[in-house]
Amino acid sequence: METIPFGLAAFRIGIYALWPFGYIVVDRRDAGAPSCVGNVLWLILAGWWLALGHITTGIALCITITGIPLGAANFKMLPVSLMPFGKEIVRTDQPFATR
């Protein structure tokens, strides 16, 4: 089984986690059945645990006033960490731009 798409999805999540401010996750319209299969495999193998970790750290960060922006960024990571295939990360000033 090819693992390159899963590695690219992991890098996409990592880059988005490095600097989530000023970017937004949008759905790709040209994503087909392979992205659906990839999302199901990702959800079973890694997505559930990543999303649970983002929820836990988001709640922990929102306890303090200075941690609220970082907690909000953790909650913003939920959709892309749960199902990363068929999504694209774009700047907030161009969410409907096509590449």
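A: Let us begin with a single residue and its element. The model is predicted, and I24 is placed in strand β1, which spans residues 23-27.

Q: Is I24 buried, partly exposed or exposed?
A: The class follows from relative accessible area, with buried meaning under 20% and exposed meaning over 50%. I24 has 36% relative accessibility, and therefore counts as partly exposed.

Q: At what distance are the C-alpha atoms of L43 and P84?
A: L43 and P84 are likewise 41 residues apart along the chain, with a C-alpha separation of 9.2 Å. L43 belongs to helix α2. Leaving aside residues up to four places away in sequence, L43 touches W48, L82 and M83. Its relative accessibility is 30%, so L43 counts as partly exposed.

Q: Which residues does N39 touch, if those up to four places away in sequence are not counted?
A: N39 touches M83, P84 and F85 under that condition. N39 is also located in helix α2.

Q: Is N39 buried or exposed?
A: N39 counts as buried, because its relative accessibility is 11% and the cut-off for buried is under 20%.

Q: How is the packing of two helices described?
A: Two packed helices are described by the angle between their axes and the distance between those axes. For helix α1 (residues 4-18) and α2, the angle is about 45 degrees and the axes lie 12 Å apart. That angle makes α1 oblique to α2. The crossing of this pair is right-handed.

Q: Which residues make the contact between α1 and α2?
A: From α1 come F6, A9, A10 and I13, and from α2 come G38, L41, W42 and L50. By class, the residues of this contact comprise seven nonpolar, one polar and no charged.

Q: At what angle do α2 and α3 pack?
A: Helix α2 (residues 33-61) and helix α3 (residues 68-76) pack at about 160 degrees, and their axes are 8 Å apart. Angles over 145 degrees count as roughly antiparallel, and α2 is therefore roughly antiparallel to α3. The crossing of α2 and α3 is left-handed.

Q: Which residues form the contact of α2 with α3?
A: On α2 the contact is made by H54, I55, T57, G58, I59 and L61, and on α3 by I68, L70, G71, N74 and F75. These residues divide into six nonpolar, five polar and no charged.

Q: How many disulfides are there?
A: A disulfide requires a pair of cysteine sulfur atoms within 2.5 Å. By this rule the count is zero.

Q: Where is C36 located, and how far is its C-alpha atom from that of H54?
A: C36 lies in helix α2. The C-alpha atoms of C36 and H54 are separated by 22 Å, and the two residues are 18 residues apart along the chain. H54 is one of the α2 residues in the contact with α3.

Technical notes. Residues numbered from 1 in each chain as written. Predicted model: local features only at pLDDT ≥ 70, side-chain atom pairs only at ≥ 80, totals over all residues. Heavy atoms only, no water. Axes fitted to C-alpha atoms, helices over the stretch in contact; angles between N-to-C directions. Helix = DSSP H or I, 4+ residues; strand = E, 2+ residues; numbered from the N terminus. Parallel < 35°, antiparallel > 145°, perpendicular 65-115°, else oblique. Left-handed = near helix turned anticlockwise from the far one by under 90°. Contact = heavy atoms within 4.5 Å. Nonpolar A, V, L, I, M, F, W, Y, C, P; charged D, E, K, R; others polar. Buried < 20%, exposed > 50% of the residue type's maximum accessible area, 1.4 Å probe, protein only.
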